[in-house]
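Welcome! Here is a short tour of a structure that may be new to you, with a few stops along the way.

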Amino acid sequence: MRQPVKLIVKKGKLRGDGTRLISVQYCHSVNKRVVCSTGLAIPPQYWNRKTCRISSSLPPQFGDIEQMEAYLSDKLRKAEDMVTAAKKNGIDPMNLLKVNFPLADNWKIEHMKEKKRDLDVYNNIDDYIEEKKKEVSQVTLNVIRMMKEHLKVYEKYTATKITFDSFDFNFYQGFVGFLTHEYILTRKKAIVKGLRINSIGKTIKWLKTFLKNRMAKNIIPYRDLSPFRGMEEDVDAIYLNWKEISSMYKLDLTHNQMLERVRDTFVLGCLTGFRFSDYSTVKPEEFRDGMLFVTQAKTGGRVVVPLRPEAKAILEKYMMRMPQLNNVEFNLYIKEVARLAGLNEKIKISFKRANKLMEDIRAKHDWVMSHTCRRSFCTNEFLDGTPITLIMAISGHKTEKAFRKYIKADNLEKAQMIRKLWAGRSPLSQSA
């Protein structure tokens, strides 16, 4: 039986582009009705209220009329089927339609929920974060939260509510384009447009992972996410050599306990190869037989690291329990330590933003951060000839290819070989 469902364009304020949304309206009775957006919008003067169809005179810049009509027919049929299913199962069709209309178009009756929270994208992300708290690090949780914020900003930018039905190839293209060219960041009172490629890549990665999780839990139907391709660029980051680390280690910072604690923690990281979440939280029970037995916070992997005399001395200084430090404050203070150690040479870092190659030149101490420890350990051990497999046992890299990319080992090897060849040649001043 055909349900009292029709397509409408509601009266009211126009959107910024002069359009109004086309919606599906279900009239349960004269005074009870529910309206659900289809996501399509046109200027209201091109909507025929008598036929409930788009006018043939709609300008082409608003879309292909034939395709839009087919899309709206699918939405109308979807609403009718949902109302029929609700009535058949003795469920309030108004509430169920309002809650379930955002479901993907290949919905099934078993996917229908009576509670709105079950189908709200952002509430589902919050639920997902709660589920992941015991599995991933705080840093990863922050990345997922940032993915949620990016979606909210994009929703506001497009003035179109994001539902589980939104996530198709067109959404992916629009979302990536927005993050690349339009997303606004405030940096030191300057307005910067566009995220860096790796930030966009992390957002897409966790959005895709989140959606797969909701499918696995049968909260939403299966949908093809293969168009949601990740993106990544090589990180142009610094490392400190042993001489630079030594200059920081030898600094007299007894006049400033905070800088001293930050310096000691940093050097410990450079001598162990741990991530900040591991080297800043070392505990007495993790030390035995002159080694640290640590379960990595990010991956859950177990590593055993022998301690150099300097690393052991730092741990003994703090009775085998490193002081608790905030990562944000740590990154601020370690730059000051590096400055005091004389790491002032100018360093250029290149990266892409909005598909443009950007360059940032700063003193080396301004580039030092918590992750510099891990990169320095891996790079210095590689340059000293430590077998890659042994370094990976501590760093946690799963493949040699990933490790080499992390420290740009291929370039370093070639540079070393060339330097050795040049060392055996006569200086330019002595050439004939």
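Two strands count as paired if DSSP finds at least two bridges between them. Strands (E, at least two residues) and helices (H or I, at least four) are DSSP runs, numbered from the N terminus. This is a predicted model, in which local features need pLDDT of at least 70 and side-chain atom pairs count only at pLDDT 80 or more, while totals for chains, interfaces and linings use all residues. Residues are numbered from 1 along each chain as its sequence is written, and side-chain values use heavy atoms, with hydrogens and water left out.

**The sheet**

I8 stands opposite S23 in β2. Strand β2 covers residues 20-27, and 5 bridges join β1 to this antiparallel partner. Together with β3 they form an open sheet of 3 strands in the order β1-β2-β3, with antiparallel pairing. Because β1 (5-9) and β3 (33-42) each have a single partner strand, they stand at the edges, and one side of each is left without a neighbour in the sheet. From one strand to the next, the twist averages 25°. Helix α2 (residues 93-100) packs on this sheet and touches β2 and β3, its direction making about 25° with that of β3. Contact here means heavy atoms within 4.5 Å. For the angles, axes are lines fitted to C-alpha atoms, for helices over the stretch in contact, and the values run from 0 to 180 degrees between N-to-C directions.

**Cysteines**

How many disulfides does the structure hold? The count is 0, where a disulfide is a pair of cysteine sulfur atoms within 2.5 Å.

| Cysteine | Nearest cysteine sulfur | Relative accessible area |
|---|---|---|
| C27 | C52, 11 Å | C27: 22%, partly exposed |
| C36 | C27, 12 Å | C36: 6%, buried |

The sulfur of C36 is too far from that of C27 for a bond.

**Two helices**

Helix α6 (residues 197-216) has 20 residues and reaches 29 Å from its first C-alpha to its last, close to the 28 Å expected at 1.5 Å a residue. That expected span is 1.5 Å times one less than the number of residues. Among the buried residues of α6 are I197, W206, F210 and M215. After α6 comes N218, with a positive phi near 60°.

Leaving aside residues up to four places away in sequence, S376 touches Y239, L240, I245 and C270.

How values were computed
Buried means under 20% relative accessible area, exposed over 50%, partly exposed in between (1.4 Å probe, protein chains only).
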